[in-house]
Amino acid sequence: MIATEQLRFHLANAWYKQRLRSELADLGGQLLEVWRDAKLPLAERKRRIFERWEECEDPTSTRRTEVDRMRLEVARTARAKIEAFVRQVAPYGSPQAFTDAELDRLNAGRAGKTRFRPYDAPVLPEDVTAETELGTADAAPQTSPEPPPPDPPPSPTPIGPDPGPGFSPARDR
């Protein structure tokens, strides 16, 4: 068992990392399912979205094993995805938006130091937009791609036998 400990540890970490990636990939669909559940009142849908955010590893955690680092990396991405989702389906100022009072109430019971403030979060280019998740995104304007740069001129082929490694052509003197 001792001889295979490193291998088993590596395999376990690889499996766990794949599981985290899979959960992150499924997150958009889960958020969409909650948001579209017409049987739930808006306040309950918001609470459930917040709970998904809260379940993520808090970045202020002081534990830092390899597994903790993996979980934290995925948690940061998941929280950003959830915040981007909220900004898309419940934009600030809209009737669906989280109110300041709702955010204060939801954050009041949190143990972590990070607060759920989806409207304060920076909008990053890598944010997954809810329009994409919802299938309502306008099609991106079709632009023709820039042509690739021309190939550099070929270097002259030496005449004669291969000079071998370390040879450099004569320089202008």
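Colleague: Before we get to R47 and E51, what counts as a salt bridge here?
Modeller: A side-chain nitrogen of Lys or Arg within 4 Å of a carboxyl oxygen of Asp or Glu. The side chains of R47 and E51 meet that rule, with N to O at 2.0 Å. Bear in mind that this is a predicted model.

Colleague: Where do R47 and E51 sit?
Modeller: Both lie in helix α2, four residues apart, which is about one turn of the helix. R47 is partly exposed at 30% relative accessible area, and E51 is partly exposed at 31%.

Colleague: Which residues are in the salt-bridge network with them?
Modeller: The network links E44, R47, R48 and E51. Within it, E44 forms a salt bridge with R48, and the closest N and O atoms are 2.8 Å apart. E44 and R48 are also both in α2, four residues apart.

Colleague: Is E44 buried or exposed?
Modeller: E44 is buried, with a relative accessible area of 17%; the cut-off for buried is under 20%. R48, at 32%, counts as partly exposed.

Colleague: What about E102 and K46?
Modeller: Their side chains form a salt bridge too, 2.8 Å from N to O. This pair links distant parts of the chain, with E102 in helix α4 and K46 in helix α2, 56 residues apart. E102 is buried at 14% relative accessible area, and K46 is buried at 4%.

Colleague: How many salt bridges does the count come to?
Modeller: Eight.

Colleague: Changing topic, which residues touch the most other members of the largest nonpolar core?
Modeller: I49, I82, F85, F98, F116 and Y119, out of 27 residues in that core. The elements giving two or more residues to the core are α1 (5–36), α2 (42–54), α3 (66–89) and α4 (100–108).

Colleague: Take I82. What is I82 in contact with, leaving aside neighbours within four places in sequence?
Modeller: L27, L31, I49, R52, W53, C56 and F116. Of these, I49 and F116 are also on the list of core residues that touch the most other members.

Colleague: Where is confidence lowest and where is it highest?
Modeller: The lowest is helix α5, residues 130–134, at a mean pLDDT of 45, and the highest is α2, at 94. Over residues 127–145 the pLDDT is below 50, though this stretch has 23 contacts in the model beyond near neighbours in sequence.

Colleague: And for the protein as a whole?
Modeller: The average pLDDT is 76, and 67% of the residues score at least 70.

Notes. Residues numbered from 1 in each chain as written. Predicted model: local features only at pLDDT ≥ 70, side-chain atom pairs only at ≥ 80, totals over all residues. Heavy atoms only, no water. Core = buried A, V, L, I, M, F, W, Y, C linked by side-chain atoms within 4.5 Å. Buried < 20%, exposed > 50% of the residue type's maximum accessible area, 1.4 Å probe, protein only. Contact = heavy atoms within 4.5 Å. pLDDT = per-residue confidence, 0-100.
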